Amino acid sequence: MNELSASSRITYRAVMVRPGVARRIRGLSDRTLAWLFITPTIVLLLAINIFPLLWTIYLSFTNYRANRANVPTIWLGADWYQSILTDPDIWAAMQVTAHFVIWTVVIETVIGFGLAFLIDKKFRGHGMWTTIILLPMMLSPAVVGNFWTFLYQPQIGLFNYVVAFFTGRDASSFQMLGDVRLSPWAIVIVDAWMWTPYVMLICLAGLRSIPDYIYEAAEVDRASKWRQFWSITLPMALPFIMLAVLFRGIENFKMFDMVNLLTGGGPGSTTEVASITLKRAAFESWRTGYSSAFAIILFVTVFGLANIYVKALNKVKSR
Amino acid sequence: MTSATTAHSVVEPSATTRRFAGSLVVLYAVITMIPLVWIMLTAFKSPDDAISYPPKVMFKPSLEGFCNLFTTRSRQTPEFIRSLGPPQGLCDSIARSRNMVVAGPSNYVPRFVNSLIIAFGSTVLAVALGTLSAYGFSRFRVPLKDDLLFFILSTRMMPPIAVAIPIYLMYRTVGLSDTRLGMILLYTSVNVSLAVWLLKGFIDEIPREYEEAAMIDGYTRFQAFVKVVLPQATTGIAATAIFCLIFAWNEYAFAVLLTSGNAQTAPPFIPIIIGEGGQDWPAVAAGTTLFLVPIVVFTVLLRKHLLRGITFGAVRK
């Protein structure tokens, strides 16, 4: 909406008000300049994103293998797509991914919103503590994954020690990364540690966007604090919460680096999220055609989610 | 006056509420900092202290982790070590106390330098391209503007591994595999989407009357952009640059799949630092600490713009 009024403003000025100005502008016309400014970005994205994407689509219909470039390429049609969508291993990976995405998003949203709610009480020094809380999300996921493997070491790791201290179990009796039941939770814990601040920051913006007068009116109407929370705070912060949820959902759906360093998909394939399956197929088994098809399927899914995400962004923006 | 105070206090949390909220937040902050503090402490431990049980909070600080990070060592017989001259420097004497001699520098410094070159190179490019495009999208009527902006954003949503498959093939064909230039171009293409979206928000906030006034004074549109808009957008450009820098600095998936030696950055290198008999944790921790310090500094610098950066400029406050 903003853009529309802005652009109509230009036309209005150029045409109606300042013909003199228009005549005096030397050099490039606005139209030429606009294209000169935008084209380099588009060209770069076409070269590094779109061309490779089209190539992937082509490869996904062939038997091409990157480590056997001399073998003649055979057109397979949609065979890979069919075999992927009926492959139980792929569905197992999708289930692992779903477990990871759902639990991280739920935990991060609940804790993140709770923290934002508390920080919004504006206690002394809240600015400094907020910055401290935000630190983990700025770090490299790979480096974070790597140093959490140290914390998760049985016996010597700090995490095991703390759990043992509070539960009375032996610190070497459980392996967060080596146990098929624990490892899916090990990656959830690290992701929650890292990304809860992200959800918190967006929720905080949502809470701060609620004007005071609404609460004042509610007080006048003698609405209880409980009622105010459910009828004002939560609904008005909801678009922001949704934004955070969607973004975390997309990011964790394609999660690779942190999980790759924590477990590498193991033990077995219990933490093999979709990106790890893809990496194994593409860069370890070198099944390029097959992995291209899987990449396209993942991309279409993310693209669909991104579409919803942008709609949510615009909704928040128009507030 | 009293009525004004009460009207205000209705929505102001009470002192007790504040203290309660504050202590919970501080508790969370302290717990969340423990892993980070722990890794930084480990960087200054000796290998024995690092793997002791129970974990040691108090220990004698040692620079062995940093020495092991920066050097490679070889094991020698005590007779051979005794036959050598006096140790050269601190790291050499630490190594000799473990029956080893320093054999040469490790690969950490070259990897760190690669990280710096690739991060700064891609940031400069992405911000330059992003500023131009953002200005174009902000000020001119561009056909299919919303579709183009969505297209730009969507390129960032692709799963990195999915992008890496064709990039790997493409770079192999054109000879960009494992080169810094290849990584700079790749990171630029990822960062330019963030740069366009963020900078468009910043430029939208600069009143166009400034440029129009300059143009009445005889500036061309381009001169007005350079002399009026760019100075006004400095803060936004700086914040965007730091975001791009942090992304490129932290990136792992492309780096581990597309580089092996020449252009390898620090994130894929740090996890493979191994000593004799497994992972050399103090050295890994030292490498991690050095790698994280710039990010901590940048986070503090950026704190006012963080929200904007992580939401592609959608949430501004």
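These legends go with close-up views of a predicted model.

**View 1. Where chain A meets chain B.** Here we look at the contact between the two chains: 89 residues of chain A touch 90 residues of chain B. On chain A's side, the biggest share comes from helix H3 (residues 30-59) of chain A, which brings 14 residues. Sort the chain A side by class and you get 61 nonpolar residues, along with 14 polar and 14 charged. For the complex, the predictor gives an ipTM of 0.86 and a pTM of 0.86.

**View 2. Two helices of chain B side by side.** This one shows helix H13 (residues 234-250) and helix H16 (residues 281-302), both of chain B, whose axes come within 11 Å and cross at roughly 155°. Angles over 145 degrees count as roughly antiparallel, so that is what H13(B) is to H16(B). The crossing itself is left-handed.

View 3. Chain B has an average pLDDT of 87, and 95% of its residues score at least 70. Among its elements, helix H7 (residues 108-139) of chain B has the highest mean, 94, while helix H1 (residues 2-9) of chain B has the lowest, 44.

Definitions and conventions: Residues are numbered from 1 along each chain as its sequence is written. Chains are lettered from A and ligands numbered from 1 in the order in which they are written. This is a predicted model: local features need pLDDT of at least 70, side-chain atom pairs count only at pLDDT 80 or more; totals for chains, interfaces and linings use all residues. Two residues are in contact if their C-beta atoms, placed from the backbone, lie within 7 Å. Helices (H or I, at least four residues) and strands (E, at least two) are DSSP runs, numbered from the N terminus. Ala, Val, Leu, Ile, Met, Phe, Trp, Tyr, Cys and Pro count as nonpolar, Asp, Glu, Lys and Arg as charged, and the others, Gly among them, as polar. Axes are lines fitted to C-alpha atoms, for helices over the stretch in contact, and angles run from 0 to 180 degrees between N-to-C directions. Angles under 35 degrees count as roughly parallel, over 145 as roughly antiparallel, 65 to 115 as roughly perpendicular and the rest as oblique. A crossing is left-handed if the near helix is turned anticlockwise from the far one by less than a right angle, and right-handed if clockwise. pLDDT is the predictor's confidence in each residue, from 0 to 100.
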